[in-house]
Amino acid sequence: MKYGLWLLLVLWPMARLANEAGLAELLGRIRYNGSAEFSYQETRKLELSSSPWNGRGMMLSGVDGSLIKLQLQPMRVIMVSTEQRMYYWDPEQQQRHSALIAQAGAAGEEITLFRSIIQGHTERLQSTYNFTHQVHGKAWTLRMTPKPGLNDESAPTIEISGNEDDSKQQVLIRQADGESTEYLMVKTAEGPEVEKSIRRLLLEAIGD
Amino acid sequence: MSFVWRKRWFLLLFPLLLAASVWQIRVESDLNVFFTATDNEDSRLLSGLLKSGELSRRYLLVVENANGSNPGNEAVHDASSLSASAAMDAFSAKLVVKLAQIEGVENVWAANEPPREWIDAIRTYAPYYARLFSLNPRQDGSALFDPDKLGSRAEGLKQALLSPQGGFVKAIAKQDSLLLSLNGFKDMQNQFQRQANLNSGGGALILQSRPAALDSDAHLRLQAAIRASFDSLNQSAGEKFRLSMAGVPVFSVAAQTEISRDVTLVSVASSVAVTLVFLLLFRSFSALHWVMMVQAASFVLGTLATALVFGYVHSLTLALGASLIGICTDYPIHVMVHCAKHRHPPLDAVRLLWPSLAMGGLTTIIGYAALGLTGFPGFEQIAVFALFSIFASLALTRWVLPALLAKSTLHSAHLPGIAAWAGFCGRHRRGLLSLFATGVILAFFTLPQLRWMDDMQKLAMDMDQLKQQDEAVRSHFSSIEPGRFVLVQADDIETALRRSEAVERRLIMLKQTGILSEYHGLFPWLVSQDLQAENAKVYAQALTPQFQEAWRAGLVKADLSLDKLGRLPPPIAEPLRPETVLASPVRHILSGQIIEGQNGAVLAIWLGEHDPVKLAEGLAGLEGTRYFSQKDQLDQLAGQYRDRSLLMLAIGIAVMGLFILLQQRNIRKVVLTLLPSVASVLFIFAIWSLMGEEVSFLHVIGLLLSVSLCVDYGIFFMDNRGENSDVTYHGIAASTLTTLASFGALGLGKTPTLPILALSVSLGVTLGFLLCPLLIQKPTR
């Protein structure tokens with residue numbers, strides 16, 4: 001889920017650009033600066049779940065690259081990812097976790113990969129993913145598939161789609177084991193106010 | 001053989017010996033080899049723990065802001081402290097990656113979180129969930145298998161699957177849907193949580209090194225590499241951070257550095273002092289260079305022989321062996337004093353003095369042999385070194401030195417005050433002897449007040465600054481004390497595991513009463529077959545149709561798959577065996593807790609802060625279990641060394657007396673020969689009693705050495721082979737001076753061992769020298 005969250009925010013600007021330019025130009029220009037807030041709806045299909053799980057909430061992206069997922073339904077949960085660390089706070093279950101991304105194993109490696117997207121290190125993406133994009137009228141789709149022969153067999157396939165309305169996007173992440181997460185996202189705000197919210201939620205997740 | 005050919009052979013063989021020693025010798029600097037005995041099970045255990053114990057090889061690293069503020073010590077409320085905390089995280093993460101690449105680093109991880117390997121290892125326990133969910137299955141079973149709680153547990157599982165740990169939980173839940181296997185690891189999670197609370201700002205790292213803790217050379221390189229990695233990263237970060245290190249290897253490197261300094265200082269000072277005394281006495285550079293060559297050859301032979309016997313030579317043996325130069329020089333000095341005073345050719349003087357020289361050498365060898373038998377491992381090597389060096393020096397003095405000195409001109413060695421003191425003793429013998437007798441009686445009365453040093457720490461180097469740094473670094477870590485733990489022993493691993501589980505149950509109670517802050521046991525990494533069977537039984541009993549139905553209802557309510565999670569199978573038939581666990585990566589996690597013992601299995605349970613007395617009381621009655629304190633063990637060893645040193649002192653004196661008796665065939669002469677050295681030992685003990693000096697086994701060993709040297713003076717004085725007691729006493733005075741010069745140089749050392757030996761030997765030989773003309777009546781031959 002966290003993995004999906006990262007992809008969602010990271011690839012959001014990528015998708016917008018892909019509609020306007022060729023892939024080479026897209027990869028050269030993918031970089032997202034500034035703060036933004038999104039409302040989202042999430043649908044997850046888990047291998048061990050009998051039916052799809054639905055959640056909704058807000059996602060916030062900070063200028064320093066931090067990402068916060070504030071899940072509001074079915075219950076309030078905060079998930080934060082800063083440059084080095086992940087935080088998790090579930091007030092209902094009173095579960096609070098923190099982990100260094102560098103020590104978080106495969107999930108940490110994926111987040112590092114997506115951070116390189118944010119920072120514009122496209123050479124790392126090109127070495128691990130194949131990029132294809134399709135345009136049908138006003139609708140577009142950008143698909144990223146792991147390059148065959150990579151050691152990481154658990155790498156997901158990512159599909160981002162949208163239309164002429166840049167504030168709405170759809171992201172689908174399919175895991176290698178069949179699980180999937182789909183996000184419908186609508187940008188709701190940007191600017192300094194978002195940074196304040198990020199700090200407040202970060203403090204809550206840390207426990208201060 | 002003619003003198004010419006003796007000289008030629010010596011000049012040919014000496015460089016060859018030197019070359020052979022350089023080629024052949026391996027110099028060892030591992031302090032453990034020198035200081036820790038391995039003659040009983042506990043000593044071997046202590047030695048092993050110091051050498052390669054998991055905790056002994058561990059570095060604790062703390063990265064802090066260079067300005068002294070630590071984000072972990074502040075409430076994280078404002079943007080700047082958040083940013084500082086993030087910067088610290090970023091820096092620590094980069095440092096972890098960089099440190100992991102250093103050769104000699106086994107693993108490095110942030111102290112707040114378990115290493116990734118541990119998490120991966122936990123996953124492998126999922127199939128055995130029904131066999132290791134609790135240390136007290138009957139007690140915990142009622143809560144764990146309460147059907148009313150299954151709804152909330154299913155909901156908890158759902159949330160766990162949706163959390164960032166979803167991948168990890170899913171892999172376990174597919175085999176262990178109740179997540180029972182994680183229950184056993186709950187304590188580990190709590191330990192890391194406590195550590196995280198203690199070090200909320202991050203920056204605390206644990207580095208597991210590969211080299212043995214006391215392999216100072218390897219750790220010197222490793223510490224330099226750690227600092228270099230830190231410096232290069234810190235430079236990129238604008239010098240914002242500083243690094244502090246703690247751990248046993250930090251102390252061992254500091255000790256090694258001090259010892260290396262001492263070795264150089266003592267060797268140089270000893271050689272220079274002996275040379276100066278020699279020049280002062282004989283004023284002959286020609287004689288000096290020949291005598292020094294003889295001593296160098298003796299030193300090289302001693303070193304080679306030691307290397308052949310032990311396979312290596314310890315650097316401390318070389319340092320202490322350097323003081324032997326002063327002793328071995330005695331033999332040529334006696335010869336030269338007689339040459340100079342009587343104008344005898346060297347060969348005649350050697351022939352005349354040879355019986356006394358041989359007996360003097362023999363008693364010195366006996367002294368060193370007794371030293372080697374005190375049980376202190378380093379002294380065994382020094383004894384072998386001394387044996388061969390003294391033997392070589394005697395042989396070279398007898399057969400080669402006359403050839404070398406054939407053309408040297410020696411000046412009369414006149415020392416002011418020597419004849420006057422001998423004369424004074426002769427004139428006032430009666431009065432002085434009365435004084436002596438009174439002194440002896442008083443000395444005996446003071447002996448019961450003698451204070452023995454029972455704390456071996458007092459013999460350790462003064463490292464206050466390092467200790468302060470160590471405390472400061474350890475304040476960032478939830479402490480596990482490296483020197484105190486619980487040892488569980490049994491004939492086989494199964495019994496040992498059963499016993500360690502009993503200990504852990506007791507430790508949990510002690511934790512609840514506040515006697516112990518935390519502990520690291522072996523459960524559930526390694527679980528006895530008995531406890532596995534008991535867990536399985538409790539689980540199987542709980543697995544009623546009602547229970548299974550309640551679980552399925554919970555799953556349905558939480559929208560979880562009945563197909564994949566609804567079946568609760570019976571416990572796996574095959575238990576998890578120790579050999580299976582130890583063949584997996586878990587062996588690295590437990591490597592410091594399973595100790596190879598000669599007699600069965602030995603398990604260690606590490607302890608956090610605790611009250612030693614109450615904890616030991618709390619463990620009373622548990623079979624095969626004892627509280628082990630490294631400090632207590634060392635103190636006990638110090639006591640053993642002391643008792644054995646005293647015994648060896650007595651045996652050494654007795655054996656020397658026996659050999660003198662064989663030569664002299666006169667019991668009175670034997671007593672008189674031994675009396676100056678024995679009396680000086682008595683007086684020195686009395687002086688220490690009156691001064692309140694704490695006497696250790698090293699003091700006793702120093703006195704043992706002084707006896708072996710002083711007895712030589714008695715032999716020479718009693719024999720008086722030149723039939724001129726003034727000349728003989730001059731020879732003794734000259735050799736006393738060289739002994740004082742060489743052993744006095746030991747006093748410059750910072751290692752406490754060296755000044756103690758310097759003081760004991762210097763006091764002993766000085767008093768023995770002064771007592772000779774008083775106690776041994778001027779011989780008239």
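**View 1. B:P524 sits in the loop between strand 9 (519-520) and helix 24 (529-542) of chain B.** Helices (H or I, at least four residues) and strands (E, at least two) are DSSP runs, numbered from the N terminus. This is a predicted model, where local features need pLDDT of at least 70 and side-chain atom pairs count only at pLDDT 80 or more, while totals for chains, interfaces and linings use all residues. Residues are numbered from 1 along each chain as its sequence is written, and chains are lettered from A and ligands numbered from 1 in the order in which they are written. Most peptide bonds are trans.

**View 2. Chain A has a cis peptide bond too, between A:Q73 and A:P74.** Omega is about 5 degrees here. Look for A:P74 in the loop between strand 3 (67-73) and strand 4 (77-81) of chain A.

**View 3. B:L179 and B:E239 both have a positive phi, although neither is a glycine.** For B:L179, phi is near 55 degrees, and for B:E239 it is about 55 degrees. B:L179 falls in the loop between helix 8 (166-173) and helix 9 (180-184) of chain B, whereas B:E239 belongs to the loop between helix 11 (216-236) and strand 5 (241-246) of chain B.

**View 4. Strand 11 (residues 601-607) of chain B is mostly covered, with six of its seven residues buried.** Strands count as paired if DSSP finds at least two bridges between them. Strand 8 (residues 484-490) of chain B pairs with strand 11 in the antiparallel sense over six bridges, and B:F485 has B:W606 as its bridge partner. Strand 9 of chain B also runs antiparallel to strand 11, joined by two bridges; there, B:Y519 stands opposite B:L607.

**View 5. Four strands of chain B make an open antiparallel sheet in the order 3-4-2-5.** Strand 3 (105-110) and strand 5 stand at the edges with a single partner strand each, so one side of each has no neighbour in the sheet. Five bridges join strand 3 to strand 4 (residues 204-209) of chain B, and one of the pairs is B:W109 with B:I206.

**View 6. Helix 6 (residues 137-144) and helix 24 of chain B pack with their axes 10 Å apart, at an angle of about 30 degrees.** Axes are lines fitted to C-alpha atoms over the stretch in contact, and angles run from 0 to 180 degrees between N-to-C directions. The two helices are therefore roughly parallel (under 35 degrees; over 145 is roughly antiparallel, 65 to 115 roughly perpendicular and the rest oblique). B:P137, B:R138 and B:G141 in helix 6 meet B:E534, B:N535, B:V538 and B:A542 in helix 24, where contact puts C-beta atoms, placed from the backbone, within 7 Å.

**View 7. Where the chains touch, 30 residues of chain A are in contact with 33 residues of chain B.** On chain A's side, strand 5 (85-90), strand 6 (95-100), helix 3 (105-118) and helix 5 (192-206) each supply at least two residues.

Terms used: Buried ≥ 20, exposed ≤ 12 C-beta atoms within 10 Å, placed from the backbone. Contact = placed C-beta atoms within 7 Å.
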